[in-house]
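Dear colleague,

Please find the structure we discussed below, for your files. I would be grateful if you could look through it before reading my notes.

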Amino acid sequence: MLSQAEIAAFMEHVYSTAYSTRLSDVVVADRMVGARLNGELIGTAGWLPANDRGSTARLIGVFVSPLYARLGIGRRVVGAAEDQARRAGFSTFTIRAPLGSRDFFESLGYQAASHGVWPLTREVALPVAFLRKVDAPPQGVVVQLRGVN
Ligand SMILES: CC(C)(COP(=O)(O)OP(=O)(O)OC[C@H]1O[C@@H](n2cnc3c(N)ncnc32)[C@H](O)[C@@H]1OP(=O)(O)O)[C@@H](O)C(=O)NCCC(=O)NCCS
């Protein structure tokens with residue numbers, strides 16, 4: 001899905017200090033879920049509060065090793081990260097996803113809110129979808145009111 005220039009720019013981004021710092025902040029805050037196979041890390045999904053209002057969590061670091069693609073690992077790590085965020089009181093989830101993973105997130109109930117670009121370097125910007133999922137509100141107790149004579 002990506003051009004050689006986009007792959008090179010993405011590699012540069014992934015190996016930057018800023019990216020490592022951001023991910024390690026999420027790990028230290030205990031908001032990163034990892035899937036391991038015989039000790040090897042094969043999938044990750046993390047989250048952080050998206051803003052100060054406290055109801056929207058933003059997913060980051062959603063990756064599955066290509067060797068283990070399409071085995072349901074992505075679904076499980078994202079589900080576990082969402083559950084962590086739910087327990088912390090979040091009910092809306094967002095992700096900025098490269099177009100190649102849009103179908104994956106849509107299969108998990110996310111909907112594309114808009115499209116845009118993610119500037120990776122001064123020269124290269126990656127086309128992305130901004131996706132969103134909102135939990136259904138909890139069902140209230142139905143109380144029937146009748147006249148009492
Ligand atoms: C996107 C990604 C996390 C998916 O992980 P995965 O473990 O392969 O996904 P799953 O096996 O859990 O897939 C669950 C469902 O998503 C959909 N899906 C996953 N990958 C898909 C693809 N490439 N094309 C179309 N649908 C896809 C399918 O409906 C799939 O269910 P199925 O296999 O029963 O049909 C993985 O491909 C990846 O790491 N991509 C590169 C990084 C990336 O783009 N991360 C996202 C944002 S930072």
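This is a predicted model: local features need pLDDT of at least 70, side-chain atom pairs count only at pLDDT 80 or more; totals for chains, interfaces and linings use all residues.

Residues are numbered from 1 along each chain as its sequence is written.

Overall form

The protein has four helices and six strands. Both kinds of element are DSSP runs numbered from the N terminus: helices are H or I with at least four residues, strands are E with at least two. Their order from the N terminus is α-α-β-β-β-α-β-α-β-β. The C-alpha trace spans about 80 × 40 × 30 Å along its principal axes. The radius of gyration is 19 Å, whereas a compact globule of 149 residues would have one near 15 Å; the value is taken over C-alpha atoms, and the globule rule is 2.2 Å times the number of residues to the power 0.38. Of the 149 residues, 20% count as buried. A residue is buried if 20 or more other C-beta atoms lie within 10 Å of its own, exposed if 12 or fewer, and partly exposed in between, with C-beta atoms placed from the backbone.

Strand 2 (residues 40–49) and strand 3 (residues 56–64) run antiparallel and are joined by six bridges; two strands pair if DSSP finds at least two bridges between them. Pro 49 stands opposite Ala 57 of strand 3. The two strands form a hairpin with six residues between them, and Gly 54 in the turn has a positive phi of about 85°. Strand 3 also runs parallel to strand 4 (residues 92–98), with three bridges between them. Arg 58 has Thr 94 in strand 4 as its bridge partner.

Strands 5 and 6

Strand 5 (residues 111–119) is hardly covered, since the count of buried residues among its nine residues is zero. Eight bridges join strand 5 to strand 6 (residues 125–134), and the two run antiparallel. They form a hairpin with five residues between them, in which His 115 stands opposite Ala 129 of strand 6.

Around the ligand

There are 17 residues around the ligand, and Gly 74, Arg 75, Ser 101, Asp 103 and Ser 107 come nearest; a residue is near a molecule if its C-beta atom, placed from the backbone, lies within 6 Å of it. Strand 3, helix 3, strand 4 and helix 4 (102–107) each give two or more residues to this shell.

Two loop residues

Most residues other than glycine have a negative phi. Asp 30 has a positive phi of about 65° although it is not a glycine. Asp 30 lies in the loop between helix 2 (17–28) and strand 1 (32–37), and is exposed, with 9 other C-beta atoms within 10 Å. Asn 38, also not a glycine, has a positive phi of about 50°. Asn 38 is placed in the loop between strand 1 and strand 2, and is exposed, with 5 other C-beta atoms within 10 Å.

With kind regards
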